[in-house]
Amino acid sequence: MGAMSPWHWMLVCAVLAVILAIIIGLILLIVRMVKSGSTAATAHPVPPGWYPDTADARLIRWHDGHHWTDHVQNR
């Protein structure tokens, strides 16, 4: 087998570059999927209950488990 011509070297380099780009793309895709999954898994919902009102320290506000409501009362 003789020495490779410059065209062969360019073809080998191009193929290696494509393979490297595919590997990097797959790694980035996996990292993005892991990050989005871990964010959803670690998010703890607020249980329903009365909590200190951030707008007025004299009040407590009801959280229904999903949203803050308009229901408030004195502490």
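**Exercise 1. Work out how strands E2 and E3 pair and what sits in the turn that links them.**

Step 1: Find the strands. E2 covers residues 59-63 and E3 covers residues 68-74. Strands here are DSSP runs of E with at least two residues, helices are runs of H or I with at least four, and both are numbered from the N terminus.

Step 2: Check the pairing. Two strands pair if DSSP finds at least two bridges between them. E2 and E3 have four bridges and run antiparallel. Histidine 63 has tryptophan 68 as its bridge partner in E3.

Step 3: Look at the turn. The two strands make a hairpin with four residues between them, and glycine 65 in that turn has a positive phi of about 100°.

A quick note before you go on: this is a predicted model, where local features need pLDDT of at least 70, side-chain atom pairs count only at pLDDT 80 or more, and totals for chains, interfaces and linings use all residues. Residues are numbered from 1 along each chain as its sequence is written, and side-chain values use heavy atoms, with hydrogens and water left out.

**Exercise 2. Describe the surroundings of histidine 63.**

Step 1: You'll find it in strand E2.

Step 2: Is histidine 63 buried or exposed? Its relative accessible area is 5%, so it counts as buried. (Buried means under 20%, exposed over 50%, partly exposed in between, with a 1.4 Å probe and protein chains only.)

Step 3: List the contacts (heavy atoms within 4.5 Å). Leaving out residues up to four places away in sequence, histidine 63 touches Val46, Pro47, Pro48, Gly49, Tyr51 and Trp68.

Step 4: Go back to the turn. A polar atom of the histidine 63 side chain lies 3.0 Å from the backbone nitrogen of glycine 65.

**Exercise 3. Find the aromatic pairs and classify them.**

Step 1: Know the rule. Rings of Phe, Tyr and Trp (its six-membered ring) pair if their centres lie within 6.5 Å; planes under 30 degrees apart are stacked, over 60 edge-to-face, and the rest tilted.

Step 2: Count. The whole structure has two aromatic pairs.

Step 3: Take tryptophan 50 and tryptophan 62. Their centres are 5.3 Å apart with 65° between the planes, which is edge-to-face. Tryptophan 50 is in E1 (residues 49-52) and tryptophan 62 in E2, so this pair ties together parts 12 residues apart in sequence. Tryptophan 50 is partly exposed at 38%, and tryptophan 62 is partly exposed at 26%.

Step 4: Take tyrosine 51 and tryptophan 68. With centres 5.6 Å apart and planes at 85°, this pair is edge-to-face. Tyrosine 51 lies in E1 and tryptophan 68 in E3, so the parts tied together are 17 residues apart in sequence.

Conventions
Polar contact = N/O pair within 3.5 Å; in protein donor to acceptor, adjacent residues only side chain to side chain.
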